[in-house]
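This report walks a new reader through a few parts of one structure, taking strands, helices and loops in turn. Please keep the sequence and the model in view while reading.

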Amino acid sequence: MPPAAPRTRAAALVLLAVLAGGLLGVGWPATPAGAHAAVVATTPEKNAVLGQNPTEVTITFSEPVRPVTGRVQVLAPDGKRINDGEPSVRGTVLRIPIREADKPLGTFLVSYRVISADSHPIGGAYTFAVGAPSASAPELPAHEVHPSVQVATPVAKYLGYAGLTLITGPALFLALLWPRRLSRTAGVRLVRVGLALVAAGTLAAIWLQAPFTSAAPAYDASPLELWQVLDSQLGLVLLARLGLLGLAAALLRPVLTGGVGQAGRVRQAGQAGRVGRVGRVGRVGRRRAALLGLTGLAGAATWPLAGHPVASVLPVVSVLADTVHIAAMAVWLGGLVTLLTILLPRAAPRTLGVIMPVWSRWATVAVIWLVGGGLVQALLEVGPLDALLDSAYPRLVLGKIALLAVALSAAAYARRVVAARTGAGPARRRLRALVGVEVTATAVVLGLTAVLAQTTPGRQAGIEAAEARIDDFAQTLESPLYTLSFSIYPVQLGESNTVHAFAYTAKGQPITVQEWTVTTLLPARNVEPVSTLMLGVDDNQAIGALNFPIPGDWEVRFTLRISEIDQATVTTTVPVS
């Protein structure tokens, strides 16, 4: 039928086009499926021998990755960690800044743990050398921070906090609220002890930062490492603290030497001991007082600038809140110590009748600022409320709140005693007991604050906990024929352990594997090898199941056959508990 011929030819052409498209689709290279990130290149290269210590190590992956906190590090030939700041990722390149090694000749170890785009953890390590390889490569330390440094660092911070309180409280009393006829020696001594404690704590912090960075013991800090600390942002902040401490000591000289005019003290008139009002600052002068106040606030700011607040989600707000918190604590606790150790035992009853109401107002203002600054810090650092007790940081904050409640209760009762103006003897004894409770509680709070400064904030602890849930066991193993990246999720007793493996060439290109075999054994418990075939889901990847019936350090072997005659086995140890 002639009319049908054109339609037949059109249908035939469509059919040919469909068939051609299908053939092209079969022949066209398939888009690679999403997979684990693989190491494509490193700088320095694996097993390279360099002429000098590099300033940075880079690892290029086949896809974007995210470093796991605390699990990316470079060790020098002497085993010290030489990371210079946190690693960063730009695209697919992981950059690890490193400082100059104290002993730069020999073998360096690069160890990394990252999360790939498919949320699986990838880990591995490699070595390079400077000058010539060492007889043996450095080993990863059993701890990220040496136990001696973990103990010494909070002690150094506590010394600094205690020194700041001993400067602030007694200096305020000496300048503005000191009885005329009471010897100033004890108050001056407290201020000088405070200056010495801040200096000692700051110098200790500079020293301890070197072994804190290198994971060495507290006593192990070389001159080069100390110089590198001083040349860092933290070192500059601590040096600024020492400079501000010297300026504060100079500005306090009239107070410490008694150069404050009589109007600056609580005045007692005549032998009857009549008490006058608190006057203005005398020879210290308003300008000196203003400069001294600014110096004190700047000095207090060096603590948050050297701690967690600078890494907060709102660093400016966090630093300001923590500065207010620390300054208010110094005023309150320093004043309480002055009252407890000097004024309550030695001052005349009528003098105390003037001092205590004034101090009560000072303390009220200090506590308001203290609570306000602490509240802001808690909101920024504690993390989500549903995980309030899942990490040490929130628990320590709750401990501070409980002790602060005790101190505030004692302070409130002390205000009632002051307002009641009961008999001099009973009131003095009661006030000393209440102030003693306040000092004890706040001193412990100060200790918890020193520990908090070394504890991972709740907001970060939640992130690390999430990574830990993902980071069960992952590793990269090498053989002459291939590089194997694998993960086991989860690692637990029983049969519900899934292993996911990927094979690549030495340059990070996928390699076709014809057969995958995984073997588990536990020689220490006489558990014989059990071998199973893995299921290949692509040319270079496979999945399988592992059974760990009892706890122990299980040996896991992967045997990959990449041709009829070429195969190789790689082995690792997986701890199961």
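## Strand β14 and its partners

In this predicted model, strand β14 and strand β15 (residues 494-504) run antiparallel and are joined by seven bridges. Within this pairing, Ser487 has His500 of β15 standing opposite, and the two strands make up a hairpin in which four residues lie between β14 and β15.

Strand β14 also pairs with strand β13 (residues 473-478), again in the antiparallel sense and over six bridges. Here Leu477 is found opposite Leu484 of β14, and the link from β13 to β14 is a hairpin of four residues.

Strands β16 and β17 pair in the antiparallel sense over five bridges, with Val518 standing opposite Thr532 of β17. Strand β16 (residues 515-522) is in turn paired with strand β20 (residues 552-561), in the antiparallel sense and over seven bridges, and in this case Thr520 stands opposite Val556 of β20. Finally, β20 and strand β21 (residues 567-576) pair in the antiparallel sense over ten bridges; Asp553 has Pro575 of β21 as its bridge partner, and a hairpin with five residues joins β20 to β21.

## Two packed helices

Two packed helices are described by the angle between their axes and the distance between the axes. For helix α5 (residues 233-251) and helix α7 (residues 286-305), the angle is about 155 degrees and the axes lie 9 Å apart. Since angles over 145 degrees count as roughly antiparallel, α5 and α7 are therefore roughly antiparallel to each other, and their crossing is left-handed.

On the α5 side, the residues that meet α7 include Val237, Arg241, Leu244 and Leu247, while on the α7 side those that meet α5 include Leu291, Leu292, Thr295, Ala298 and Trp303. Taken by class, the residues of the contact of α5 with α7 divide into eleven nonpolar, three polar and two charged.

## Backbone details in two loops

The loop between β1 (39-43) and β2 (49-50) contains Pro44, which is joined to Thr43 by a cis peptide bond with an omega of about 0 degrees. Asn47 is found in the loop between β1 and β2 as well, and its phi is near 65 degrees, a positive value in a residue other than glycine. Is Asn47 buried or exposed? With a relative accessibility of 61%, Asn47 counts as exposed.

The loop between β16 and β17 holds Asn526, which is not a glycine and yet has a positive phi of about 60 degrees. The relative accessible area of Asn526 is 67%, and this residue is therefore exposed.

Methods:
Residues numbered from 1 in each chain as written. Predicted model: local features only at pLDDT ≥ 70, side-chain atom pairs only at ≥ 80, totals over all residues. Heavy atoms only, no water. Pairing = 2+ DSSP bridges. Axes fitted to C-alpha atoms, helices over the stretch in contact; angles between N-to-C directions. Parallel < 35°, antiparallel > 145°, perpendicular 65-115°, else oblique. Left-handed = near helix turned anticlockwise from the far one by under 90°. Contact = heavy atoms within 4.5 Å. Nonpolar A, V, L, I, M, F, W, Y, C, P; charged D, E, K, R; others polar. Buried < 20%, exposed > 50% of the residue type's maximum accessible area, 1.4 Å probe, protein only.
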